[in-house]
Structure formats: C-alpha cells, structure tokens
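Work through the following exercises with the coordinates open. Each task is followed by a stepwise solution.

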Amino acid sequence: MASLSASLLSHFLVLSLLLCVAVGEYPKCPGDTTVYHFVINKYYDNLTQEQVDTVISHYVDLTNYDSRVMQFLWGKDLGPEVEDRADGFQYGYLTTLCSVQDTIDYLNAPFTKAFADEFFPASEKAIAINYVVNHTFPGKGYGTSGKCGPCNLLLRDASI
Ligand SMILES: *[C@@H]1O[C@H](CO)[C@@H](O)[C@H](O)[C@H]1NC(C)=O
Ligand SMILES: *[C@@H]1O[C@H](CO)[C@@H](O)[C@H](O)[C@H]1NC(C)=O
C-alpha cells in the first residue's frame with residue numbers, strides 16, 4: 001500500500017513536471033476551461049522501434065484529425081540520468097481539449113476507439129488521467145495577477 005501510494009506520487013510528480021514544461025508555450029483554449037487527457041505507457045518489449053513509431057504516428061494522426069483537440073504533445077522519458085522515477089513507463093502523451101464534454105466525445109469517437117484498440121494491446125502498461133485545469137492556485141501561464149506559481153513560491157521563501 002505504501003509502495004503503491006509512493007508509486008502514484010512519483011507518477012504524479014513526473015506528470016506535474018511534464019505539464020509545467022508544456023503549459024504556456026502553446027495555443028490556449030478560448031474559454032476558461034482547459035482539460036488535459038494525459039497518458040503514459042510502456043510498450044511491450046517485443047515491439048520493434050518501427051512498430052512503436054507506427055503506433056505513435058497513428059496517435060498523432062488521430063489528434064490532428066479531431067477538431068476538438070486543441071493540442072497534442074508526446075515524447076519519450078529522458079531516462080534515469082535525468083530522473084529515475086518513471087517506474088518503467090516510457091512515453092508521455094498530452095492531449096489538450098477545451099471542455100469536459102469535448103473530452104468525453106473525443107474519447108468515445110469511433111476513430112479514438114479504433115486507436116485505443118491498437119494502443120492498449122501494444123502497451124504492457126498504461127495510465128490515463130483527465131482533469132480540468134484548476135485556477136484555485138494558478139500555475140505559470142494561468143495566473144490571474146501576473147504572479148506565477150514559482151514566483152509566489154520564491155516570494156514566500158524570500159519572506160521567511
Ligand atoms: C508481445 O508480447 C505480448 C505479451 O506477451 C503479446 O500479447 C503480444 O502478442 C506480443 N506482440 C508481438 C507483436 O509479438
Ligand atoms: C479546485 O481546487 C479547489 C481546492 O482544492 C477545490 O475546492 C475546487 O473544487 C477545485 N475546482 C475544480 C473545478 O476542480
């Protein structure tokens with residue numbers, strides 16, 4: 001149980017880190033709502049790099065095709081030289097949508113389901129989370145007062 005929560009926490013930290021890097025440099029949703037559909041996976045070892053690349057290219061095709069998707073970014077974990085917390089997960093895929101309903105519709109669309117039938121059987125393990133960006137503690141790029149999260153932290157540290 002402890003190791004499960006430690007493992008979940010480490011996943012969350014890895015996800016948070018990736019999201020921090022992604023936010024702010026790319027097109028934003030027109031309204032207040034931004035939804036992230038965030039997936040990490042590990043492919044079966046018996047797949048060739050070419051087979052892995054084919055699956056990823058189909059993920060790109062899917063998200064390029066679906067007009068509900070505002071943005072899609074993927075990449076491979078940089079490995080233990082950078083941070084040894086990936087727990088075997090290899091790739092991250094960040095899909096941005098602009099409403100919860102769009103997210104539901106995207107996930108249930110026939111093309112998405114067809115891709116899921118390719119993606120999950122190719123994956124030894126995969127995790128997907130979906131969340132609406134929360135403005136209670138606005139992170140960098142979503143601040144309301146011009147003070148980003150890390151700046152607030154620095155200010156707090158400086159005042160100690
Ligand atoms: C790879 O291994 C998995 C798990 O053993 C198996 O289900 C799958 O069919 C294999 N895929 C290929 C392309 O050999
Ligand atoms: C955002 O986070 C706050 C604090 O945890 C919570 O009270 C609120 O319900 C959250 N809002 C959404 C939309 O999840």
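**Exercise 1: Salt bridges**

The side chains of Arg85 and Glu83 meet in a salt bridge, with 3.5 Å from N to O. The model is predicted, so local features need pLDDT of at least 70 and side-chain atom pairs count only at pLDDT 80 or more, while totals for chains, interfaces and linings use all residues. Residues are numbered from 1 along each chain as its sequence is written, chains are lettered from A and ligands numbered from 1 in the order in which they are written, and side-chain values use heavy atoms, with hydrogens and water left out.

Task: state how many salt bridges the structure holds, and find which residues are linked in a network of salt bridges.

Solution. 
- Step 1. Apply the criterion: a side-chain nitrogen of Lys or Arg within 4 Å of a carboxyl oxygen of Asp or Glu. The structure holds four such salt bridges.
- Step 2. Classify the Arg85 pair by relative accessible area, where buried means under 20%, exposed over 50% and partly exposed in between (1.4 Å probe, protein chains only). Arg85 is partly exposed because its relative accessibility is 42%; Glu83, at 29%, is also partly exposed.
- Step 3. Turn to Lys42. Its salt bridge with Asp45 has the closest N and O atoms 2.9 Å apart, and in its salt bridge with Glu124 the closest N and O atoms are 3.3 Å apart. The Lys42 and Glu124 pair links distant parts of the chain, from strand E1 to strand E4, 82 residues apart.
- Step 4. Join the pairs: Lys42, Asp45 and Glu124 form a network of salt bridges.
- Step 5. Compare the classes of the members. Lys42 is buried, with a relative accessible area of 11%, whereas Asp45 is exposed at 63% relative accessibility and Glu124 is partly exposed at 41%.

**Exercise 2: Strand E1**

Task: find how many residues of E1 are buried, and with which strands E1 pairs.

Solution. 
- Step 1. Helices (H or I, at least four residues) and strands (E, at least two) are DSSP runs, numbered from the N terminus. The chain has five helices and four strands, in the order α-β-α-β-β-α-α-β-α from the N terminus on.
- Step 2. Count burial. Nine of the nine residues of E1 are buried, so the strand is largely enclosed by the rest of the structure.
- Step 3. Sort the side chains by direction. In a regular strand the side chains alternate between the two faces of the sheet. Val35, His37, Val39, Asn41 and Tyr43 point one way from E1, and Tyr36, Phe38, Ile40 and Lys42 point the other way.
- Step 4. List the partners; two strands pair if DSSP finds at least two bridges between them. E1 and E3 are antiparallel over seven bridges, with Val39 opposite Tyr93 in E3. E1 and E4 are antiparallel over nine bridges, with Tyr36 opposite Tyr131 in E4.

**Exercise 3: The disulfide**

Task: find which cysteines a disulfide joins, and decide whether the disulfide is left-handed or right-handed.

Solution. 
- Step 1. Search for cysteine sulfur atoms within 2.5 Å of each other, the disulfide criterion. The count comes to one disulfide.
- Step 2. Name the pair: Cys29 is joined to Cys98, with S to S 2.0 Å. Cys29 lies in the loop between helix H1 (2-22) and strand E1 (35-43), and Cys98 in the loop between strand E3 (91-97) and H3, 69 residues apart.
- Step 3. Read the torsion about the S-S bond: the value is about -85 degrees, so the disulfide of Cys29 and Cys98 is left-handed.
- Step 4. Check Cys29: at 9% relative accessibility, Cys29 is buried.

**Exercise 4: Surroundings of Ala126**

Task: locate Ala126 in its strand, and find which residues Ala126 is in contact with, leaving aside neighbours within four places in sequence.

Solution. 
- Step 1. Ala126 sits in strand E4 (residues 123-132) and is partly exposed, at 31% relative accessibility.
- Step 2. With contact taken as heavy atoms within 4.5 Å, and neighbours within four places in sequence left aside, Ala126 is in contact with Ile40, Asn41, Phe89, Phe119 and Phe120.
- Step 3. For a C-alpha separation, take Ala126 and Tyr91: 9.5 Å, at 35 residues apart along the chain.
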